[in-house]
Structure formats: structure tokens, C-alpha cells
Amino acid sequence: MTRLGTFFRRSRFFLATKLGVPIAAPAFRLLARTWRRTDPPAEALAEAFAAPRLIAVTFHGMLLTLIAFRQLVFDADRRMCVMLSPSLDGRLAAAALGYLGIDPVFGTVRSRSVAGSLEFIRRIRAGSIGIIAADGPRGPCGVAKRGCIKIAAAADAHIVLAATSAHRAIPLGSWDRARLPIPFTRIGLSTRLLPPPAVGDEDRMLPEVQDAMVDLAQSTGSPVLPRLPRELRRP
């Protein structure tokens with residue numbers, strides 16, 4: 001990228017952070033208040049929040065809707081954290097999450113492995129609930145990767161698989177098939193709790209995570225997953 005291109009990109013980032021986020025974040029909170037939530041059973045929530053260390057694993061296209069359920073975490077007197085890259089896009093997302101009461105944690109540059117996630121793991125061990133997109137940050141959409149399991153093992157954390165869906169939503173045209181729910185629509189959340197994985201257990205556990213996420217997504221009627229046979233979505 002040329003110096004001029006870098007200048008314009010940084011200028012757009014500055015304007016988005018200083019002007020766009022302060023306008024968009026309150027608007028999102030107002031929109032989210034109109035959504036009619038269908039929460040998981042109280043027993044399932046109580047079991048998940050009883051875990052001293054917990055990671056919520058979802059698909060990238062469901063992150064926007066999952067944030068709407070953040071009050072469940074706050075009511076349990078827990079905090080939420082999300083690991084982001086220290087890029088301009090990551091810092092923009094961090095500014096938006098801060099307005100929503102979610103703590104951004106920056107990973108090490110060019111590293112999304114356990115070594116690049118030490119602060120994120122420390123937060124989880126301290127009691128915050130970490131949020132990870134199993135198929136992020138670049139996909140393929142709906143295909144879980146080993147990173148979420150590795151981090152859960154390093155943090156000795158339970159995994160709560162979380163799939164969301166919106167009855168009526170606007171496609172955003174992104175690779176992750178994300179959708180923005182329209183006002184007053186119904187949104188749902190389905191969860192499944194898994195025990196802390198052992199270090200080195202990624203290969204054995206990954207198909208279980210993949211299949212469970214697909215089952216949860218289908219149970220909520222989520223349109224995020226591509227319409228492919230399940231065997232093609234297996235890692």
C-alpha cells in the first residue's frame with residue numbers, strides 16, 4: 001500500500017472511531033432492546049455460569065446476535081472479553097465493544113495461537129467469559145478450527161457452544177453470512193456445555209464441536225451455515 005493509501009485508510013479509521021462508533025453503538029443498543037429474546041433454559045444457564053472458567057464458542061456470523069444476550073452474563077455478575085487483532089480493524093471493533101460493556105483483548109501480532117492469546121487466557125482464568133468464533137477470522141464459514149479448543153485447554157475452561165438465530169434479519173453480504181436482525185424480531189439462543197478439554201485433545205474433540213454447533217444452528221433455524229451436506233462441513 002502506498003503512503004497516500006495508508007494515509008486515507010488511517011483517516012477513515014480515525015473518523016470511524018471518533019465519530020462512527022459513538023453514533024453506531026448507542027443506536028445498536030437501542031435496536032437490540034427491541035429484539036424479543038428466547039433465552040436458553042434457566043437450568044442450562046445456571047450450569048454454564050457455575051463453571052469458574054468459561055469460553056463461549058460460536059460461529060463468526062452469529063457474533064452480532066450473540067452480543068444481544070450479553071445481559072445474561074452481566075446478570076450472572078460476570079464480564080465478557082473478546083480477543084482481537086491489534087490491526088486498525090481490530091481496534092475499531094474494540095472501540096465498539098467497549099461501548100457495549102465487553103472487554104477487548106488484543107492478541108499478539110500475526111499470532112492467533114495459544115502463545116498469542118496469553119492475556120485472553122489470563123482473563124478467562126480470572127473469571128471473565130471469553131468469546132471465540134470457531135470459524136474466524138477468515139472462515140470458511142461454519143467450519144470449526146482447533147484454536148478454540150487449544151485456548152480452552154490452556155485456560156482449563158469449560159466450553160459453552162452457542163448458536164443464535166433471528167426470525168427476520170438483513171444479510172450483510174459478508175463471508176460469514178452475518179445478518180442484522182430487524183426491529184422487534186425474535187432472536188433465539190441455543191447452548192451446549194462441554195467439559196474442559198485436555199491439552200493435545202484437539203483432533204479428537206474438533207468433530208464433536210463441529211457437529212454440535214451444526215446441530216445447535218439447525219435447532220435455532222439459523223441461516224448462517226451454508227446449505228451444504230454435513231460431511232462437507234466437517235473439518
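Strands and helices here are DSSP runs, of at least two residues (E) for a strand and at least four (H or I) for a helix, numbered from the N terminus.

Before going on, the basis. This is a predicted model, in which local features need pLDDT of at least 70 and side-chain atom pairs count only at pLDDT 80 or more, while totals for chains, interfaces and linings use all residues. Residues are numbered from 1 along each chain as its sequence is written, and side-chain values use heavy atoms, with hydrogens and water left out.

Back to strand 6. Strand 2, residues 54-58, pairs with strand 6 in the parallel sense over 4 bridges; pairing requires at least two DSSP bridges between the strands. Strand 9, residues 186-194, runs antiparallel to strand 6 and is joined to it by 8 bridges. There, A166 stands opposite I187 of strand 9.

The whole structure has 2 cavities of 30 Å³ or more. A cavity is a set of points on a 1 Å grid over the protein atoms alone where a 1.4 Å probe fits but cannot get out, and lining residues have an atom within 4 Å of a point. A volume is the space filled by probe spheres set on the points, which are joined across faces, edges and corners.

The largest cavity has a volume of about 220 Å³. Its lining has 17 residues, and F49, A56, V73, V160 and L189 lie nearest the centre. Which element gives the most to this lining? Helix 2 does, with 4 residues. Strand 6 and strand 9 are among the elements that each supply at least two. By class, the lining of the largest cavity has 16 nonpolar residues, 1 polar and no charged. Ala, Val, Leu, Ile, Met, Phe, Trp, Tyr, Cys and Pro count as nonpolar, Asp, Glu, Lys and Arg as charged, and the others, Gly among them, as polar.

The second largest cavity is about 80 Å³ in volume. It is lined by 13 residues, with T65, A166, R179, P223 and V224 closest to its centre. Strand 6 provides the largest share of that lining, 3 residues. Here the classes are 6 nonpolar, 5 polar and 2 charged.

Methods:
1 Å grid on protein atoms, 1.4 Å probe; cavity = no way out; pocket = protein on both sides within 12 Å on 5 of 7 lines; lining within 4 Å.
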